[in-house]
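Here's a quick tour of one protein model, written for someone who likes cut-offs spelled out. Have a look at the sequence and coordinates before reading on.

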Amino acid sequence: MSKLASIATLALSSALLLGGGHAPAARAEPHAQETATTPPPDAIAGEWWTEGNEGRIRFVRSPDGTYTGILVGGGDPGTDVNNKDPALRKRPLLGSVLIWHLRPDDGEYVDGYVYNPRNGETYRMKAELTGKTTLKVRGYLGISLLGQSQTWTRAN
């Protein structure tokens, strides 16, 4: 058997084992989520409490049309002691840009970056409004599969 045929057989076998070999059931009506309207790009704008109300992030639109998240509240965030750049370790976290370059794309916000002041690392980020007052935020390394999600709540 050729290498290509072996790979195809393996893929098909895996699909049958994992999916039971059944085609998805036909639907007479689309799900409500599929018929819901896509929120406007500025729906993310405003202030959001992070999970556990540890911080409050204000999303604003940047001149290039992307969204930036600024830490505007929540406890006493102190200074950026874990920053990789020693010159920035004394800057206050309050008022700092922690999220940048979130680009609206068909109801989601993609291609962003998030700075984690707890460890001084920067991660990729995406977000999606899951309701009028909830935002699912995912920070990840390289691919979205390798990451962590939180649900944030609108503050205003």
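What follows covers the ground rules, the strands, the core, a surface patch and some backbone angles.

## Ground rules

This is a predicted model, so local features need pLDDT of at least 70 and side-chain atom pairs count only at pLDDT 80 or more, while totals for chains, interfaces and linings use all residues. Residues are numbered from 1 along each chain as its sequence is written, and side-chain values use heavy atoms, with hydrogens and water left out.

## Strands and hairpins

Strands here are DSSP runs of E, at least two residues long, numbered from the N terminus; two of them pair if DSSP finds at least two bridges between them. β1 and β2 run antiparallel, joined by four bridges. β2 and β3 also run antiparallel, with six bridges joining them. R58 turns up in both pairings: E47 has R58 as its bridge partner in β2, and R58 in turn has I70 as its partner in β3.

Each hairpin has a glycine with positive phi. With six residues between the strands, the β1-β2 hairpin has G52 at a phi near 80 degrees. The β2-β3 hairpin has five residues between the strands, and G65 sits at a phi near 90 degrees.

## The core

A nonpolar core means buried Ala, Val, Leu, Ile, Met, Phe, Trp, Tyr and Cys residues joined through side-chain atoms within 4.5 Å. Buried is under 20% relative accessible area, exposed is over 50%, and partly exposed is in between (1.4 Å probe, protein chains only). The largest core has 20 residues, and F59, I99 and L135 touch the most other members. β2 (56-61), β3 (67-73), β4 (97-105), β5 (108-116), β6 (121-129) and β7 (134-140) each supply at least two of its residues.

What does L135 touch, leaving out residues up to four places away in sequence? Counting contacts as heavy atoms within 4.5 Å, its partners include I44, W48, F59, L129 and W152.

## Out at the surface

L141, I143, L145 and L146 make a nonpolar surface patch of about 450 Å². For such patches, residues need over 30% relative accessible area and no salt bridge, and nonpolar side chains (Val, Leu, Ile, Met, Phe, Trp, Tyr) are joined within 5 Å. A salt bridge puts a side-chain nitrogen of Lys or Arg within 4 Å of a carboxyl oxygen of Asp or Glu. Areas are Shrake-Rupley with a 1.4 Å probe. L145 is in the loop between β7 and β8 (147-154), and counts as exposed because its relative accessibility is 71%.

## Positive phi without glycine

Most residues other than glycine have a negative phi. N53 is not a glycine, yet its phi is positive at about 55 degrees; N53 sits in the loop between β1 (46-49) and β2 and is partly exposed at 48%. D106, also not a glycine, has a positive phi near 50 degrees. D106 lies in the loop between β4 and β5 and is exposed at 68%.

Notes:
Patch = residues over 30% accessible without salt bridge, like charges linked within 9 Å, V, L, I, M, F, W, Y side chains within 5 Å.
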